Amino acid sequence: MEDELGRKPIEVVAAVIRDDDGNILIAKRPQDKHQGGKWEFPGGKVEAGESRRAALSRELFEELGIDVGHSARLISVYHEYENKSIYLDVYEITQWSGTATGKEGQPVQWIRPASLNDFEFPEANKPIIEAAILPKFIKILKPVVTAESFEAQALASLASGQSFLMHNFEDTELTHEQLSWLLDTAASRNVEVILQSPPPLVRHDFNLHLSADELLKTQVKPQAKRVSATCYSPGELFKAQRLGLDFIFIGPVLMNSVVNVQQALGWPSFQSLVGRVNIPVYAIGGLSDKDLELSREYGAQGIASTSIAD
Ligand SMILES: Nc1nc2c([nH]c(=O)n2[C@H]2C[C@H](O)[C@@H](COP(=O)(O)OP(=O)(O)OP(=O)(O)O)O2)c(=O)[nH]1
Ligand SMILES: [Mg+2]
């Protein structure tokens, strides 16, 4: 991959390090370096002949004095700065030995994921921050059958133990009061709700998901807390990126879709689609929580499915 001037991007690895309480480690870049004075996820340049994971272990030992245990891919980002372009491969680390300290004199801090937006990071980090905040699983709920049973079903799903739930109310006539009640109840339980095809609402504090058809018809990013979409082709991916969507679903990965008569992509095609955009991606289609590790090696942030164990 080359940038507009034919230069090869600099290969960089970085780590989202999470402790047992879910806090994330950030470090301040030295003033005299590229993007100096901004906060970063620790890491650095991959050396010639070095694998990315070896580079990650070396950089985290040099910069923080820790030995990396297990690492899972989180997201890869290609970004063109004015004077250089970088390819940033980011890993999530939850197991390490040693105590992380700023070995090169750089300030380090453990912060809550939700506070990441309060710090100034380099421009390339936007999707990385979103990826660090978003969960591994999005539980897609089976359609609500009747408006009468809505409240009971909603309460059961809110108790499912997942932090992100996706509801499709397309065929159910719900009132604004019912939807408002759902959003308030979810918020009070720290659950984020993603709505597909909601009726026009006065409030915008929910996440909105667009089908691929709706995505193609959309010209401006709709008003909502976050907006996501289902994508199958490169054209849909580029549209999602152009609109500035916050994350996307790519699929169906393993199972043909009966709804859109789409052939299952398989993991290699999934991976090449993920590599074309800088947006957190969830794999969908015939997957369950058991596919998480594999999906992440192919570039997914996580899995969206009805088969997520509660
Ligand atoms: N480590 C890290 N680098 C980032 C992030 N975001 C971002 O744009 N970068 C850019 C800044 C630099 O151009 C490049 C990484 O370089 P680096 O300065 O960390 O490299 P390094 O540790 O190998 O240090 P050096 O050999 O250049 O002294 O990637 C990030 O979150 N972490
Ligand atoms: Mg570095």
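Strand S12 (residues 192-196) runs parallel to strand S13 (residues 207-210), and the two pair over three bridges. Pairing here asks for at least two DSSP bridges between two strands. Strands are DSSP runs of E with at least two residues, helices are runs of H or I with at least four, and both are numbered from the N terminus. Within this pair, Leu 195 sits opposite Leu 208 of S13.

A quick word on what you're looking at: this is a predicted model, where local features need pLDDT of at least 70 and side-chain atom pairs need pLDDT 80 or more, while totals for chains, interfaces and linings use all residues. Residues are numbered from 1 along each chain as its sequence is written, and chains are lettered from A and ligands numbered from 1 in the order in which they are written.

**The barrel**

S12 and S13 belong to a set of eight strands that close into a barrel, ordered S10-S11-S12-S13-S14-S15-S16-S17, with parallel pairing. On average, neighbouring strands of this sheet are turned by 25 degrees against each other, direction ignored. Helix H6 (residues 234-243) packs on the sheet and touches strands S14 (227-231) and S15 (247-250); its direction makes about 170 degrees with that of S14. Axes are lines fitted to C-alpha atoms (for helices, over the stretch in contact), with angles from 0 to 180 degrees between N-to-C directions. Contact means C-beta atoms, placed from the backbone, within 7 Å.

**Two annotated residues**

An unreviewed UniProt entry carries the annotation "binding site" for Gly 43 and Glu 63. They are spread over 21 residues of sequence but cluster in space, with a largest C-alpha distance of 7.6 Å. UniProt annotations may be inferred rather than shown by experiment; positions follow the numbering used here and feature names are shortened.

Leaving out residues up to four places away in sequence, Glu 63 touches Pro 42, Lys 103 and Glu 104.

**Two domains**

The protein splits into domain 1 (10-132) and domain 2 (137-305), with bounds from an automatic or database domain assignment. Their centres, taken over C-alpha atoms, are 28 Å apart. Where they meet, 10 residues of domain 1 contact 11 residues of domain 2. On the domain 1 side, strand S6 (71-80) and helix H2 (126-133) each give two or more residues, and S6 gives the most, with seven.

Key
Contact = placed C-beta atoms within 7 Å.
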